[in-house]
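Please look through the sequence and the model before reading on.

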Amino acid sequence: MRYAQGGGLTDAGRAARERIRLQAVERFEGGEKNREIAAALRVPERSVERWRRQWREAGATGVRSKGSPGRPRLSDTQMDRLERELERGPLTHGWADQRWTLARVKTLIGRLFHVSYTVEGTWRLLKRHGWSWQQPARRAIERDDAAVELWKKEVWPRVKAPRRPVEPVVFEDEAGQSMRPPRARTWGRIGHTPVVRVRARVSGRVSMAGMTCFKQGERSRMFYSFLVYRGRKGEPKGFTWRDYRGLIVRAHLQLGGPIVLVWDNLRAHLMPPMRAFIEADADWLTVFQLPSYAPDLNPQEGVWALVKRTIGNLAASNLDQMARAVKRSLKKIQYRPALVDGCIAATGLSLDG
């Protein structure tokens, strides 16, 4: 028999199965025994027994195939409802965590529509309607989605269409990296989890502050500032408002004109000296605040993701080696404006008018 992709018989396979049944009926009428028929047609003897019983009860019509029962299918209306319920999340339906598994989706289908699916059938149903097994992005519970949408609707048009049409839009953000590198997927023998050995006792941290700059008609750019904290007495642990001020001035000089700055509500961004600096330089600096808990609106977050992807599973012997790896990754991104363009595309924000 020939099977279609997914396990069902093809049209040719169904026709061949029907011919075998008709041949079995002819042999029943000829008085042949079940064992002889099974051997001649190369089918299980139990199938022949079942066909003979059907032949005795309803004749040749009873032996004909009724067609494959197939998988129970949901109507378009039911599928739309199922997708809405899945988007509400597992918490809404009584599970403690926020993970949809095939077994849970199968259970949900049974609850909603009283239809029984197998786990494999549930997988095929979801794949057929554009669902896949994914690693979710984390988002703060305190996030106000309505405020985020309002920012996109009302504030973002003011950002991308400032008073001076030559102003580039600059997004700022900061990140850090300890000696423990991000975990990245790697190949390993089945049943043996790969192990990445890293130094756990080395103190210190690499701090980064970066700016992604976008201007219509010109290539995207990225600036960054770097700070290594080794845990020594009196050494700064992170960036101060003066460091951020220096980064802004540097962007202003390298871009050669006024800028529109977009950043979050970090404490150093809101300190009185920083506010005074912004007010004193209002002739070339316009600042907009991102809504709280909305890192997905900042393309600089995409830059940090690219950096941490390149240092995944890095077994650095000391903090200097980790700092060199991070700096090398940032330098590579600087020379690849297409990567920076991809970061703003991932936010869903458009610089077009």
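Contact here means heavy atoms within 4.5 Å. Helices (H or I, at least four residues) and strands (E, at least two) are DSSP runs, numbered from the N terminus. The model is predicted, so local features need pLDDT of at least 70 and side-chain atom pairs count only at pLDDT 80 or more, while totals for chains, interfaces and linings use all residues. Residues are numbered from 1 along each chain as its sequence is written, and side-chain values use heavy atoms, with hydrogens and water left out.

**Helices α2 and α3**

- Asn-34, Arg-35, Ile-37 and Ala-38 of α2 are in contact with Glu-45, Val-48, Glu-49 and Arg-52 of α3.
- Sorted by class, this contact of α2 with α3 has 3 nonpolar, 1 polar and 4 charged residues; Ala, Val, Leu, Ile, Met, Phe, Trp, Tyr, Cys and Pro count as nonpolar, Asp, Glu, Lys and Arg as charged, and the others, Gly among them, as polar.
- Two packed helices are described by the angle between their axes and the distance between the axes.
- Axes are lines fitted to C-alpha atoms, for helices over the stretch in contact, and angles run from 0 to 180 degrees between N-to-C directions.
- The axes of α2 (residues 34–41) and α3 (residues 45–58) cross at roughly 120° and come within 9 Å.
- Helix α2 is therefore oblique to α3; angles under 35 degrees count as roughly parallel, over 145 as roughly antiparallel, 65 to 115 as roughly perpendicular and the rest as oblique.

**Helices α9 and α11**

- The axes of α9 (residues 241–255) and α11 (residues 272–280) come within 9 Å, with a crossing angle of roughly 20°.
- That angle makes α9 roughly parallel to α11.
- Helix α9 crosses α11 in a right-handed sense.
- From α9, Trp-241, Tyr-244, Arg-245, Ile-248 and Val-249 meet Pro-273, Met-274 and Phe-277 of α11.
- By class, the contact of α9 with α11 has 7 nonpolar, no polar and 1 charged residues.

**Two buried residues**

- Ser-220 is in the loop between β2 (205–214) and β3 (221–229).
- Ser-220 counts as buried because its relative accessibility is 4%; buried means under 20% relative accessible area, exposed over 50%, and partly exposed in between (1.4 Å probe, protein chains only).
- The side chains of Ser-220 and Asp-341 are joined by a polar contact of 2.3 Å, a term for a pair of N or O atoms within 3.5 Å; within protein, one must be able to donate a hydrogen and the other to accept it, and residues adjacent in sequence count only if both atoms are side-chain atoms.
- Leaving aside residues up to four places away in sequence, Ser-220 touches Cys-213, Phe-214, Pro-337, Val-340 and Asp-341.
- His-269 belongs to helix α10 (residues 267–270) and is buried, with a relative accessible area of 1%.
- A polar contact of 3.1 Å links the side chains of His-269 and Asp-264.
- Among the residues that His-269 touches, not counting those up to four places away in sequence, are Glu-172, Glu-174, Tyr-244 and Met-274.

**Positive phi angles**

- Most residues other than glycine have a negative phi.
- Arg-42, in the loop between α2 and α3, has a positive phi near 60°.
- Arg-42 is exposed, at 77% relative accessible area.
- Asn-313, in the loop between α12 (299–310) and α13 (319–334), has a positive phi near 65°.
- Asn-313 is partly exposed, with a relative accessible area of 22%.

Key
A crossing is left-handed if the near helix is turned anticlockwise from the far one by less than a right angle, and right-handed if clockwise.
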